[in-house]
Amino acid sequence: MFVGQRGDRAHYALSLPGIERVAILDWDVHHGNGTQEAIENDPRIAFCSLHQWPHYPFTGRPHETGRHGNVLNLPVPAGTEGAAYYGLFAEKALPFLQAFRPQLLLVSAGYDALATDPLGGLQLVPADYGRLVAGCLTLGCPIALGLEGGYDPAPTAAALVATLAALPATHPPVL
Ligand SMILES: [Zn+2]
C-alpha cells in the first residue's frame, strides 16, 4: 500500500540464481503507489494493481504504465462488486501477467476491498478472494502472499481463509 516492501522482495527474489522475472499483483483497495515507485523502471518486474478510483493515494491511473510497459493499473469505481472486479481481473490483469511469464508471483493481499470495510468503497465478499487465487494459479508459478490492508476483522479473516483454501495443499502458504 504505502511502502515499497513488495518491490524490495521482488528485487531480493531477482538476486537468487535462476530468477529473472517476478510479477506483483496488488488487490488492496488502495493503489500500490510505493510498490510501483520501487519497480516501475525495472523490466524484470511486472506490477498490476486493481484499486478503487478516485481514492487515496490518488495515483494508479491507466496512463501510468512503467518505463517498460511493465505496470498495469486497473482503477475501478466505488461500488464495484465482485463479478465486475473479477471480470476485469480475468480480462486484463491475468493476460498481462501471463504475457510476462513470471517465475514467481508476489501478491499484495489487502482485504480492504471487502464490502463492509470502513476504508474502502468496493463490494467484494470473502469468496471473491478464492476466485482471485484460482486465477493466479493459472500462471503456473509459485505464489507468495503478503498481508496488507483490511479493517473489518471478521470478513477479513473469512477472506483470508478463502484465500488459503484456494491454494493447493501442496503449495506452502507464504505470508
Ligand atoms: Zn489498502
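How do helix 4 and helix 5 lie to each other, roughly parallel or roughly antiparallel? I looked this up first.

**Ground rules.** I am working with a predicted model, where local features need pLDDT of at least 70, side-chain atom pairs count only at pLDDT 80 or more, and totals for chains, interfaces and linings use all residues. Residues are numbered from 1 along each chain as its sequence is written.

**Helix pair.** I took helices (DSSP runs of H or I, at least four residues) and strands (runs of E, at least two), numbered from the N terminus. Helix 4 covers residues 126–137 and helix 5 covers residues 153–166. Their axes come within 7 Å and cross at roughly 30 degrees. Axes are lines fitted to C-alpha atoms, for helices over the stretch in contact; angles run from 0 to 180 degrees between N-to-C directions. Helix 4 and helix 5 are therefore roughly parallel to each other. The cut-offs are under 35 degrees for roughly parallel, over 145 for roughly antiparallel, 65 to 115 for roughly perpendicular, and oblique for the rest.

**Contacts.** I checked which residues meet (C-beta atoms, placed from the backbone, within 7 Å). Tyr129 and Val133 are among those of helix 4, and Pro155 and Ala162 are among those of helix 5.

I then found five strands in an open, parallel sheet, ordered 3-2-1-4-5. Two strands pair if DSSP finds at least two bridges between them. Strand 3 (71–76) and strand 5 (143–147) are at the edges with a single partner strand each, so one side of each has no neighbour in the sheet. The twist averages 15 degrees from one strand to the next. Strand 2 (residues 45–52) pairs with strand 3 over six bridges, in the parallel sense. Gln52 stands opposite Val76 in strand 3.

Definitions and conventions
Two residues are in contact if their C-beta atoms, placed from the backbone, lie within 7 Å.
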